[in-house]
Amino acid sequence: MKQICAAVGDYYHSEDFIKPPLEMALQPLTAAGLCRLKYIPAEQLATELPNKPDAVILFKENRVNPKDEPIVHWLTEDISSAIARYAEEGGGWLAWHSGLASYPVHSSYIGMLKGHFEFHPAQHQIVRYTGFLPDEPGRTVSFDILDEHYFVFCREEQTNVFLRSESVDGSSIGGWMHAYGKGRVCCLTPAHNKEGLLHPETVRLLRSCIRYVLGHE
């Protein structure tokens, strides 16, 4: 049975909105007894990763208290290095939405991801996502949701882009994937709102990303 750890929820993203679509995405695997999901605080990753879970899902930004001064960040240099080492040794990593946000751009973690969040417009807009499923490249994806349109930096020459995003504010990359050492890394930007997270195509895409980092193709 595959073991999956997830660290989800932050100041701007309620775990109550994140857990239902994640569990919906995993339902076919958990119902078949193929995987088990465990939620952990992100701060415990350094102690959890040596247990070698098959995959880790991170939907949490780096800032613990973005409205306060001084701002506290949970990602230490030790945790960042432990994450990169985990993937190099064969672990699967999914950085989902705010799992790409506010992390040091020169950290081992962002180096592993080969990209990061840069900004989003203040106003939510209809965002169109188009591309293909990471674990089934022959199957296409195209859907529109009201979303926080993430604009990202991505080292396209070092990864494989499977999703692009477009709104009235412009276009960006919505998802990318690559091998990292013996492991696999996947980055996915949608979605922010409860309705967008629960959209059937978001759940379908999320399931495919999880299958990819688990090694299913």
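Predicted model: local features only at pLDDT ≥ 70, side-chain atom pairs only at ≥ 80, totals over all residues.
Residues are numbered from 1 along each chain as its sequence is written, and side-chain values use heavy atoms, with hydrogens and water left out.

Me: What span is expected for helix α3 at 1.5 Å a residue?
Reply: Helices are DSSP runs of H or I with at least four residues, strands are runs of E with at least two, and both are numbered from the N terminus. The expected span of a helix is 1.5 Å times one less than its number of residues. Helix α3 covers residues 77-88, which makes 12 residues, and its first and last C-alpha atoms are 17 Å apart, close to the expected 16 Å.

Me: Which residue just after α3 takes a positive phi?
Reply: The loop between α3 and β4 contains Glu-89. Just after α3, a positive phi of about 120° is found at Gly-90.

Me: Is Glu-89 buried, partly exposed or exposed, and what is its relative accessible area?
Reply: Buried means under 20% relative accessible area, exposed means over 50%, and partly exposed lies in between, with a 1.4 Å probe and protein chains only. Glu-89 is therefore partly exposed, its relative accessible area being 45%.

Me: Which residues does Glu-89 touch, not counting residues up to four places away in sequence?
Reply: Contact means heavy atoms within 4.5 Å. With residues up to four places away in sequence not counted, Glu-89 touches Lys-52 and Lys-182.

Me: How far apart are the end C-alpha atoms of helix α6?
Reply: Helix α6 runs over residues 200-214, and its 15 residues should span 21 Å at 1.5 Å a residue. The computed separation of its end C-alpha atoms agrees with this, at 21 Å.

Me: How many disulfides does a search of the whole structure find?
Reply: A disulfide is a pair of cysteine sulfur atoms within 2.5 Å. The sulfur of Cys-5 has its closest cysteine sulfur in Cys-35, 12 Å away, and is therefore too far for a bond. A search of the whole structure gives a count of zero.
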